[in-house]
Amino acid sequence: MGRLVISEFISLDGVIDTPAWTAPYWNDDIAAFKGEEMGAARALLQGRLTYDGMAAAWPERGDDDPGAAIMNSIPKFVVSTTLREATWNNSTIIREHVVQEVQALKDHTDGDVLVYGSGELFRFLSAHGLVDALNLLVYPVVLGEGKRLFAQGSGPASALTLTASRPMGGGVMLLQYEPAPTATP
């Protein structure tokens, strides 16, 4: 059975929107971690907007780019009721019964199911207890506005357990969480 892992670039004030602001901080430590994360993944799960952006960028990179080779070959699942055709190699659209389809994907995946970005999808998956881990690369910037990972009114409060943390250079911190166990009466 696979784990569903959320991976986000996030500002100190919780913004995950359009992460071009992370580029000045990119370094070997972050690249190595992202490589490890992708190496553990056996499938990608994305929302429509993230899928559209990645499907436009990755196929254009040459096969000599090891990241492109992995991204273009790994099975990809996009949750969307509006996407009519998924043309990026190895892509499948999940239109209905999302909770059941994602649970089945986890059940039949030997490794991680990785979610990049896709804040709305994250909130949906989290509300349905499908998230097993969060990898947050927290950047030392305050953006003030933009889409936030934990949007106001996005669901009931939930507790997380910090499982690992480490500095990644340039003031960036990797924080890894799992949902906290729920108390039983």
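Residues are numbered from 1 along each chain as its sequence is written, and side-chain values use heavy atoms, with hydrogens and water left out. In this predicted model, local features need pLDDT of at least 70 and side-chain atom pairs count only at pLDDT 80 or more, whereas totals for chains, interfaces and linings use all residues.

The chain contains five helices and eight strands, where helices (H or I, at least four residues) and strands (E, at least two) are DSSP runs numbered from the N terminus. Their order along the sequence is β-α-β-α-α-β-β-α-β-α-β-β-β. The radius of gyration, taken over C-alpha atoms, is compared here with a globule rule of 2.2 Å times the number of residues to the power 0.38. For 185 residues a compact globule would have a value near 16 Å, and the 16 Å of the chain agrees with this. Along the principal axes, the C-alpha atoms fill a box of roughly 45 × 40 × 30 Å.

Of the 185 residues, 41% count as buried; buried means under 20% relative accessible area, exposed over 50%, and partly exposed in between, with a 1.4 Å probe and protein chains only. The chain carries 13 positive and 22 negative side chains, and the centres of the two sets lie 4 Å apart. In this count Lys and Arg are positive and Asp and Glu negative, while His and the chain ends are not counted; each charge is placed at NZ of Lys, CZ of Arg, CG of Asp or CD of Glu.

Aromatic pairs were assigned to rings of Phe, Tyr and Trp (its six-membered ring) with centres within 6.5 Å; planes under 30 degrees apart count as stacked, over 60 as edge-to-face and the rest as tilted. The count by this rule is five aromatic pairs. The ring centres of Tyr25 and Tyr139 are 5.6 Å apart with planes at 70°, so this pair is edge-to-face. Tyr25 lies in the loop between strand E1 (3-11) and helix H1 (28-40), and Tyr139 lies in strand E6 (residues 133-139), so the pair ties together parts that are 114 residues apart in sequence. Tyr139 counts as buried, at 0% relative accessibility. Tyr51 and Trp88 form a tilted pair, at 5.8 Å centre to centre and 50° between the planes. Because Tyr51 belongs to helix H2 (residues 48-57) and Trp88 to the loop between strand E3 (76-79) and strand E4 (91-94), this pair ties together parts 37 residues apart in sequence. Tyr51 is buried, with a relative accessible area of 2%, and Trp88 is buried at 4%. One aromatic cluster is formed by Phe9, Trp21, Tyr25 and Tyr139.

Positive phi values occur at residues other than glycine, including Asn90, with phi near 60°, and His97, with phi near 50°. Asn90 is located in the loop between E3 and E4 and is partly exposed, with a relative accessible area of 41%. His97 lies in the loop between E4 and helix H4 (98-107) and is exposed, with a relative accessible area of 55%.

Val115, in strand E5 (residues 112-116), is buried at 0% relative accessibility. Apart from neighbours within four places in sequence, Val115 contacts Leu4, Val5, Ile6, Ser7, Leu45, Leu121 and Leu125. Leu105 is placed in helix H4 and is buried, with a relative accessible area of 11%. Not counting residues up to four places away in sequence, Leu105 touches Ala43, Phe77 and Val113. Leu105 and Gly170 are 65 residues apart in sequence, and their C-alpha atoms are 36 Å apart in space. Ala57, in helix H2, is partly exposed, with a relative accessible area of 36%. The C-alpha atoms of Ala57 and Ser165, 108 residues apart along the chain, are separated by 30 Å.

Key: Contact = heavy atoms within 4.5 Å.
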